Amino acid sequence: MLVMGEELAGQGKYLADESRRSGYADALVLPRSTAEVCAAVRVAIARDWPITVSGARTGIAAGAVPEGGMLLSLERMNRICGLRKLDGGRLAVRCQAGVSLKELQSSLRRCKFSDESSWEQSSRELLSQLRESPCFFPPDPTETGASLGGVVACNASGAHTFRYGPARPYVQGLSVVLADGELLELERGQARADADGHFFRQRADGRRERGRVPRLSPPSTKNAAGYCSGPGVDLIDLFIGSEGTLGVIVEVEVGLLPQPGCASANLIFLPSEGAALDLTESLRSRRDELKLEAIEYFDAGSLRFLRTLRRDLGATSGVPECLPAAAECAIYLDVGAEDDELPGIVESLCRAVAAAGGNPELCWSAHEEDERERLRCFRHALPEAVNQRIAMIRRDHPGVTKLGTDMAVPDAQLRAVVALYREKLAEAGLEYLIFGHVGDNHLHVNILPETPEQYERGKRLYLEFARRVVEMGGSPAAEHGIGKLKREFLELLAGAGGVAEMRQLKRFLDPGNRLGRGTLFA
Ligand SMILES: Cc1cc2nc3c(=O)[nH]c(=O)nc-3n(C[C@H](O)[C@H](O)[C@H](O)COP(=O)(O)OP(=O)(O)OC[C@H]3O[C@@H](n4cnc5c(N)ncnc54)[C@H](O)[C@@H]3O)c2cc1C
C-alpha cells in the first residue's frame, strides 16, 4: 500500500516515534511481503528518495522519524513463519519483521501461532516439541509493542539482559533488502569478515566487491552505539544494531531458550540509595547461584513520581496504593528457576536484603503469572509516565524532548557514576529521577525540564555525563541506539577515525546514503 499527497496528512502517527520528535515524508509504504519491500526500494531509487524504515515506532532516539522521502513501515509484515531445529537441538522461530514482541511472547507461551496452519510440515511437527518443553525469546525491552525487526535493528536489550544478554546472540538468520533492492539471506556462522576485517559481496549481476568492517574496540559494558566491529565479525552482526542504515530487515530467525520451570518477581524496599547499591553488588556476584534474571532500581524521585501518579490517576495508574511510606528507594528482582530451587533462593534473598539494611518483611513477591504481570505493569508505569509528562511539557514548549540517559559503566564505576549524577544534577537545580538496569550498571537518568532554559541546561549536563561515562570505560548509548538524537555520542565513543570507518562501511553497502538518512551520521 502506498500513501502519498493529501492522504498522508491523516497518517501523522507514522511520522513520530516515542522520542516525540516528528518528521515529514513524501510517501508512506506499508508492504506485506519481501517482494513488495524490494519493489518499494526500487521506487525510492527511481525517485531519488531516501528511505526511513519504521517498525512499531517505540524507539526513543528518532531513528524511525523520516526527514523526507519514503517512509517504509513494516507493521503489516506480521506473520510468524515457522519453527526450525538448530544444530544442538535448540528451537528457532522465523518471523516477518513486523511481528510484535508481545505477539511472539504470547504465542510461545500458549504454543499456539495464528499462522501455524499455513506452516510447512517440518515446522508443524516441531510444535509438539515446543509443547513438551516450552521455550521463550529472552530479550525483553520494557516496551513489548516493539517489532522484532526494530528489536534486531537496535540490538535491543532490557531488564533480563542481566542474565541473557541483548538481542544479538539470539539472531540466527536474517533476510535483508539492501539499498539497491537486492535481497540478502544471512545465517549465523555462514559468512565472516577475514582477520583484516575484509569481506566480499557477490552481486546478482556477478560482480564481486570487497568491503571492510570497522576495526574498533567497543566498551565491555552494554553498548548499542554504531556498527558491530572487529576482525572475523560474523556478517549477520553488521545488520544487528545498524538502526535501519544498512538494510531493511524483512525476516528474522531467533533462537529460543528453555523456559525456567517457575518465576518470581520481587520488589524490595530499602532505606537508602547506599543500601540499594550494596544489595546490587552483593547479588550481582551471585547471579547464577540465585538464578537472577534482572536487578532493577527505582530511586527516591521515582517512588515519589509513582506515588503522585497513584494519587492523580488512582488504580488506572498501574501503581498499587500501598507503597510503604518509609521506603526511600526500591530494587526489583526477577528470578527464573526450577520449582525445587525456589524456596532456597527466597531464603538467600531474604538474608541478602537484611544484610544490606532492608526489611525482608516489607518485600512484595509475586509467583503466579497474573501477580507477576501486575508487578511488571508497575515497573512499566514509570517510563510511560515520564514520556507522558514530557508530552505535556511539549504542549507549551514544543522544542523540549525527552532527556533520558542511556549510559552503562563497568561494575567498578557504579558508585562513582551515581555520585556524579547526584552532584551535577543538584548543582544544576533540575528535577529528575533515576531508575533502570542497575544490575548492568545501566541507569536511566530522566531529567524533567519545565522550561526551554531548563531543557538547555539539562542537555549540557547530558553531554557532560556522556563524556564522563566514556572516560570511565562505559557506553553513552547502551540500549536505545544513537538514532538522530545522539549522533555526537558516536564520535565521543568511537573517535573521528572510528566514525570514518563506520561511514566507509555504510558507503560500501549504501553508496547513495539512501537508508536511514540522518541516523547515526549527520
Ligand atoms: C516505555 C519504553 C520502554 C523501553 N524500554 C527499552 C528497553 O528496556 N530496552 C531497549 O533496548 N529499548 C527500550 N525501548 C526502546 C524501543 O522499544 C526499542 O528500541 C525497540 O527495539 C524499537 O523497536 P520498534 O519496532 O519500535 O522500532 P522503531 O522505533 O520503529 O525503529 C527503531 C530503529 O530501528 C530501525 N528499524 C525498525 N525496524 C526495522 C527493520 N525491519 N529493518 C531495519 N531497520 C529497522 C528504524 O529505522 C529505527 O532506526 C523502550 C521504549 C519505550 C517507549
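I looked up how S1 meets strand S2 (residues 27–29) in this predicted model. Three bridges join the two strands, and they run antiparallel.

I then traced the whole sheet. It is open and has four strands, in the order S1-S2-S4-S3, with mixed pairing. Strand S1 (2–4) and strand S3 (51–54) are at the edges; each has a single partner strand, so one side of each lacks a neighbour in the sheet. I noted an average twist of 20° from one strand to the next. Helix H1 (residues 34–47) lies across S1, S2, S3 and strand S4 (70–73), and runs at about 170° to S4.

Next I went through the aromatic pairs, of which the structure holds eight. One of them is Tyr227 with Phe521, edge-to-face, at 6.1 Å centre to centre and 70° between the planes. I placed Tyr227 in the loop between strand S11 (208–212) and helix H6 (236–239), and Phe521 in the segment after helix H13 (487–509), 294 residues apart. Tyr227 is buried at 4% relative accessible area, and Phe521 is buried at 7%.

I also looked at Tyr421 and Phe465: the ring centres are 4.8 Å apart and the planes stand at 65°, so this pair is edge-to-face. Tyr421 is in helix H11 (residues 414–428) and Phe465 in helix H12 (residues 452–471), so the pair ties together parts 44 residues apart in sequence. Tyr421 counts as buried at 1% relative accessibility; Phe465 is buried at 0%.

Last, I checked arginines over rings. Arg208 lies over the face of Phe200, 4.1 Å from the ring centre. Arg287 lies over the face of Phe162, at 5.3 Å from the ring centre.

Key. Residues are numbered from 1 along each chain as its sequence is written. This is a predicted model: local features need pLDDT of at least 70, side-chain atom pairs count only at pLDDT 80 or more; totals for chains, interfaces and linings use all residues. Side-chain values use heavy atoms; hydrogens and water are left out. Two strands pair if DSSP finds at least two bridges between them. Axes are lines fitted to C-alpha atoms, for helices over the stretch in contact, and angles run from 0 to 180 degrees between N-to-C directions. Contact means heavy atoms within 4.5 Å. Rings of Phe, Tyr and Trp (its six-membered ring) pair if their centres lie within 6.5 Å; planes under 30 degrees apart count as stacked, over 60 as edge-to-face and the rest as tilted. Buried means under 20% relative accessible area, exposed over 50%, partly exposed in between (1.4 Å probe, protein chains only). A charge sits over a ring if NZ of Lys or CZ of Arg is within 6 Å of the ring centre and within 35 degrees of the ring normal.
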